Amino acid sequence: MANSTTPYRLPDGRMAVDVTENKTLAIKDQGYVQNVVADALNITLPATVVGYNYTIRNGGDAPTGAPVGAGSNESAIVKITPSASDLIAGIELTASDDDSINNTKATARVGDEISLVGNGTTGWNVVAPVKGIWAQIAL
């Protein structure tokens with residue numbers, strides 16, 4: 001199933017698109033919450049550019065037979081990976097190029113999310129507030 005290109009409104013009023021397979025973000029993805037609704041997906045960030053910003057949300061994986069959007073807690077791990085020469089900094093992460101961050105499945109809740117902004121030099125900075133537990137994973 002291809003990733004959705006149809007934006008919709010989340011309950012809090014923000015616009016989102018569903019992510020159902022691995023995705024590499026592009027400039028056109030800014031402004032939409034990337035709502036990950038399948039398990040074990042990787043979201044790849046582009047090379048850092050000053051001011052680029054993305055929000056990635058764990059929408060949960062829907063149980064078999066449930067309608068789309070009926071994700072459940074502890075059902076989806078979300079992995080975010082920068083380009084090899086970039087890092088993700090903030091929330092007490094060790095600044096290290098090419099390390100990913102995961103919203104770990106064992107602690108994941110529908111609605112966990114993180115926002116990142118490109119600094120144009122070394123990589124991506126986490127922007128508050130952060131929802132959920134995001135752990136650094138060395139590649």
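Predicted model: local features only at pLDDT ≥ 70, side-chain atom pairs only at ≥ 80, totals over all residues.
User: What radius of gyration does the chain have, and what would a compact globule have?

Analyst: The C-alpha trace spans about 45 × 30 × 25 Å along its principal axes. Because a compact globule with 139 residues would have a radius of gyration near 14 Å, the value for the chain agrees with that expectation, being 14 Å.

User: Which residues have the most contacts inside the largest nonpolar core?

Analyst: Buried residues make up 41% of the 139 residues in the chain, and the largest nonpolar core has 20 residues. Strands S5 (41-44), S6 (53-58), S7 (78-81), S10 (113-118) and S11 (123-131) each give two or more residues to this core. Those with the most contacts inside the core are Leu-45, Ile-56, Ile-80, Ile-88 and Leu-116.

User: Which residues is Ile-56 in contact with, leaving aside its neighbours within four places in sequence?

Analyst: Ile-56 is one of the residues with the most contacts inside the largest nonpolar core. Leaving aside neighbours within four places in sequence, Ile-56 is in contact with Leu-25, Gln-34, Val-36, Ile-43, Val-78, Ile-80, Asp-112, Glu-113, Ile-114, Leu-116 and Trp-134.

User: How far apart are the mean positions of the positive and negative charges?

Analyst: The chain has 9 positive and 14 negative charges.

How values were computed. Residues numbered from 1 in each chain as written. Heavy atoms only, no water. Rg over C-alpha atoms; globule rule 2.2 N^0.38 Å. Buried < 20%, exposed > 50% of the residue type's maximum accessible area, 1.4 Å probe, protein only. Lys, Arg positive; Asp, Glu negative; His and termini not counted. Charge placed at Lys NZ, Arg CZ, Asp CG, Glu CD. Core = buried A, V, L, I, M, F, W, Y, C linked by side-chain atoms within 4.5 Å. Helix = DSSP H or I, 4+ residues; strand = E, 2+ residues; numbered from the N terminus. Contact = heavy atoms within 4.5 Å.
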